[in-house]
Amino acid sequence: MTSVVVTNGVRGVGLAVARAFAAMPNANILLHHRHDEPANDVAGAVDTVRRVMKGNGRVLSAPADVGTSTGAESLVTEAGKAFGRLDVMVSNASHMQLSMVEKVTDADWADTIHTNLTSTFFVNRAVVPGMRERGFGRIINLVSVEALCGSDVAAAFAASKHGVVGLTKSMALELAVTGVTANCVCPGLVEGPELQRRIEFRMSLTGEEEAEARQAVIEETMPTMRLVDVDEVGAACIYLALPSSKSVTGTVLTLDGGMSAR
């Protein structure tokens, strides 16, 4: 039985990843969420995951402030108490502020780095001792195509995601002989708040209507001319979590529709 924690797992990409793991036989899944997450949204996410579960697995939810070390540690402790162990940690942290670099405020920079990089570090650090002791673990950090290239409108976001890749590769080397792997999944544009911010930012620059701006963002960004399906991200996480993927560590699994090939 595989035990999985997905941070920010009650919506969007996080929920899609949780659904993918739920479709595996006998998976236990803990959906992390913020303390201020609406109760109906949490309950709906739990129900969504539970409906696709196979076998005797369980799905639970837990609030935690993973932007603090104590919050991240409490989340890992909660998973251990509920399931007996933690096999897979999927860290799904994302905060994007779109602006030219000279307009990035100190507060925007600090918030982006803390949400995307520091919280990922706290969660990763919290799971390592138990995984190392058991001789098995899968750490999967969700990043973005900006982790592989620059951004002309999101310098802080790109810097934070580059940092997550560096953290992941370093952990992969540290843990190479322990049975614990660490990898990143790097999607291109997916449906969600970050896409909407890009659309609105373009509208502010061009005066285009929303539908026109949306189409332009997709066509100019994605060589495949389509968004990445969130279920593709879930499938990538499943692959990295398999016991047979023991030699896959320190990698960035890219699902960007060819964006980084340019």
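This is a predicted model: local features need pLDDT of at least 70, side-chain atom pairs count only at pLDDT 80 or more; totals for chains, interfaces and linings use all residues.
Me: Okay, what is the chain built from, in helices and strands?
Reply: The protein chain has both kinds of element. Counting them up gives 8 helices and 7 strands.

Me: How compact is the protein chain for its length?
Reply: Let's start with the C-alpha trace, which spans about 55 × 40 × 35 Å along its principal axes. For 262 residues the globule rule gives 18 Å, and the radius of gyration is close to that, at 18 Å. So the protein chain is as compact as a globular protein of that length.

Me: Of the contacts with a separation of 6 or more, what percentage joins residues 24 or more positions apart?
Reply: A contact here means heavy atoms within 4.5 Å. Among those with a separation of 6 or more in the protein chain, the share from residues 24 or more positions apart is 74%.

Me: Let's talk pockets. Which helix gives the largest share of the lining of the largest pocket?
Reply: This pocket holds about 920 Å³ of space and has 37 lining residues. The largest share is 5 residues, and it comes from H6.

Me: And which residues lie nearest the centre of that largest pocket?
Reply: The lining as a whole divides into 13 nonpolar, 13 polar and 11 charged residues. Domain 1 (2–188 + 229–255) and domain 2 (192–226) each provide at least three lining residues. Nearest the centre are Asn-8, Asn-92, Ala-93, Ser-94 and Glu-194.

Me: What about the second largest pocket: which residues are closest to its centre?
Reply: About 500 Å³ of space lies in this one. It is lined by 19 residues, and the closest to its centre are Glu-146, Asp-152, Val-153, Arg-198 and Thr-221.

Me: Which element gives the most to the lining of that second largest pocket?
Reply: The elements giving two or more residues are H6 and helix H7 (210–221). The top contribution is 4 residues, and it belongs to H6.

Me: Where does the second largest pocket lie relative to the domains?
Reply: Its lining has 9 nonpolar, 4 polar and 6 charged residues. Both domain 1 (2–188 + 229–255) and domain 2 (192–226) give residues to that lining. So the second largest pocket lies between domain 1 and domain 2.

Terms used
Residues are numbered from 1 along each chain as its sequence is written. Side-chain values use heavy atoms; hydrogens and water are left out. On a 1 Å grid over the protein atoms alone, a cavity is a set of points where a 1.4 Å probe fits but cannot get out, and a pocket is an open set with protein on both sides within 12 Å along at least five of seven lines; lining residues have an atom within 4 Å of a point. Grid points are joined across faces, edges and corners, and a volume is the space filled by probe spheres set on the points. Ala, Val, Leu, Ile, Met, Phe, Trp, Tyr, Cys and Pro count as nonpolar, Asp, Glu, Lys and Arg as charged, and the others, Gly among them, as polar. Domain bounds come from an automatic or database domain assignment. The radius of gyration is taken over C-alpha atoms; the globule rule is 2.2 Å times the number of residues to the power 0.38.
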